[in-house]
Amino acid sequence: MPQDATSSPEFDPMRADLTLGIIGTGIMGRGIAQIAAQSGIRVLLYDTRADAAPAAVDYVAGVLAKLVEKARIDAAAAKSAVANLQVARSLPELSGCDVVIEAIVENLDAKRELFGQLEALVRATCILATNTSSLQVTSIAAGCKNPERVAGYHFFNPVPLMKVVEVIDAVMTAPWVGDALAGLTRRMGHKPVRARDTPGFIVNHAGRGYLTEALRVASEGVADFHEIDRILREGTGFRMGPFELLDLTGLDVSHPVMESIYNQYYQEPRYRPSPITGQRLNAGLIGRKTGRGFYRYQAGAQEKPATSAAPAARPTRVWVSSRGLGAALQALVAKLGASMDTGAAPAADSLCLVAPLGQDATNAALAEALDPARTVAVDCLFATDKRRTLMTTPVTRGEMRDAAHGLLASDGVPVSVIHDSPGFVSQRVVAQIVNIACDIAQQRIASAQDIDTAVTLGLGYPKGPLAWGDALEPARILAVLDRLNSFYGDPRYRASPWLKRRALLGVSLLTAEG
């Protein structure tokens, strides 16, 4: 009986004679071709532009030659990989492929037309995979006679260095197809993560919290772009600040993606874009590629904004609240050698320091009947050895702000002073990242472990979002979100059921349900 696409053929990703077709030989197609050829797979490259596929083979050969020069691979391995690359001059030459990966323009009609042509050429058990990053795989597969063999296969740029690949099951994808692509991914030396078809899949979906919440913070005038970047990079551990990242990607790419995911989720408040990016895109402030975005660039190098020296002022005495994260703040202030006011209530001349969780400085002061004019808040949820964040109330006196700044910077650690904000900057941004990842798990889009793996490898965060939530404690993340939700009355801050239940039970966010 002939095999069809709904059955489970014996697909061996380690087979010596495995043949992979790649359609579209731009930067993504070339990268996939390189890692496939290096793993011993015969690769057929096709492009509608006659000179594109041969140019791609030459390009990959050049990359491999440079790797030999740098002693990353040996000459024999490079020669063998280049021998695995072949040019297909027409689509029918792909008829014998076991897998065909489409990496053409992000246009639904173009992809559907191409897959329709392929179905008439390849055998029934050939897997048709799309490298789309923004379109729903189900929509692409819906135009096929056999949607069971169509899946998403999303690589990241640059492919050889970005070691994660999203394997996406569309609504009709047969189980064996995702299994086969996962095995193929491992053969090519990358890490597969499995996901159900959803806007943004895992990585682009999980990444919503970082950019959109940082933009929300900026739109409230809490701090300028540069200061938010410093806080999240130095104080929280991200490789790049959100506005540096937007400049690198370019608003011509990032803004449409933010709008697309927001609209594909029917205006889900968690993914709400900011007018800031639309305005700056219209102004041509796109980023590095135009020489000006949130930063200016000269010859590709970012111009560093000037930083002011810390004030020389010091407080006469410091009273530190024990509420919230007060224990950590008390230890820090004592280490800095401040004269401590140990009274049950602060003396009339004491600087009042609080360390709230999810609150702004105003509400933290009023909750303890402190004088808001003498109160400054300090973020103690994250390590304070590389950068510290101070937050003032709208009426904090300048001399009290400067005294707190001078004290907290007295050991050489830089200090960011921001305006009042529930959850400072880092607390609210990281809480959103954790919450969105929890909701991805709640929707069963991907396993908790695959979510963390995808985000760590695909976005380079200090930790996977669920592991990060565990490290900070789920109950604390829930408290931040609940206080943000209470303050703003905005459903963007409503906590995911996945987070709520695990916080209440006192178990890890990585705990799967039985």
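This is a predicted model: local features need pLDDT of at least 70, side-chain atom pairs count only at pLDDT 80 or more; totals for chains, interfaces and linings use all residues.

Visitor: Which residues of helix α13 are buried?

Guide: Buried means under 20% relative accessible area, exposed over 50%, and partly exposed in between, with a 1.4 Å probe and protein chains only. Helices (H or I, at least four residues) and strands (E, at least two) are DSSP runs, numbered from the N terminus. In α13, residues 326-335, the buried ones are G326, L329, L332 and V333. They lie on the same side of α13 because they cover an arc of only 120 degrees around the axis, taken from the directions from the helix axis to the C-beta atoms. A327 and K335, on the other side, are exposed.

Visitor: What covers the buried residues of α13?

Guide: The cover includes the strands β11 (318-320), β12 (351-354), β13 (375-378) and β14 (388-392), together with helix α15 (398-408). After α13 comes G337, with a positive phi near 80 degrees.

Visitor: Is D247 buried or exposed?

Guide: D247, in helix α10 (residues 242-249), counts as buried because its relative accessibility is 0%. Contact means heavy atoms within 4.5 Å. Beyond its neighbours within four places in sequence, D247 touches I286, G287, R288, G293, F294, Y295 and Y297. A polar atom of the D247 side chain lies 2.9 Å from the backbone nitrogen of F294.

Visitor: How many residues line the largest pocket?

Guide: On a 1 Å grid over the protein atoms alone, a cavity is a set of points where a 1.4 Å probe fits but cannot get out, whereas a pocket is an open set with protein on both sides within 12 Å along at least five of seven lines; lining residues have an atom within 4 Å of a point. The largest pocket is lined by 46 residues, with F156, N204, T249, G458 and L459 nearest its centre. Among the elements giving two or more residues to this lining are α1 (27-38), α10 and α17 (448-459), while α11 gives the most, with 8 residues.

Visitor: Which residues line the largest cavity?

Guide: The structure holds 1 cavity of 30 Å³ or more. The residues lining the largest cavity are I231, G235, T236, D379, F382, A383, T384, R387, R388, T389 and S426. Both α9 (225-235) and β14 supply at least two residues of this lining.

Visitor: Where do the backbone angles deserve attention?

Guide: Most residues other than glycine have a negative phi, and most peptide bonds are trans. Here the peptide bond from N157 to P158 is cis, with omega near 0 degrees, and P158 is in the loop between β6 (150-154) and β7 (164-169). Y266 has a positive phi, near 55 degrees, and sits in the loop between α11 and α12 (275-282). Y266 counts as exposed because its relative accessibility is 72%. A369 also has a positive phi near 55 degrees, in the loop between α14 (361-367) and β13. At 71% relative accessibility, A369 counts as exposed.

Terms used:
Residues are numbered from 1 along each chain as its sequence is written. Side-chain values use heavy atoms; hydrogens and water are left out. A polar contact is a pair of N or O atoms within 3.5 Å; within protein, one must be able to donate a hydrogen and the other to accept it, and residues adjacent in sequence count only if both atoms are side-chain atoms. Grid points are joined across faces, edges and corners, and a volume is the space filled by probe spheres set on the points.
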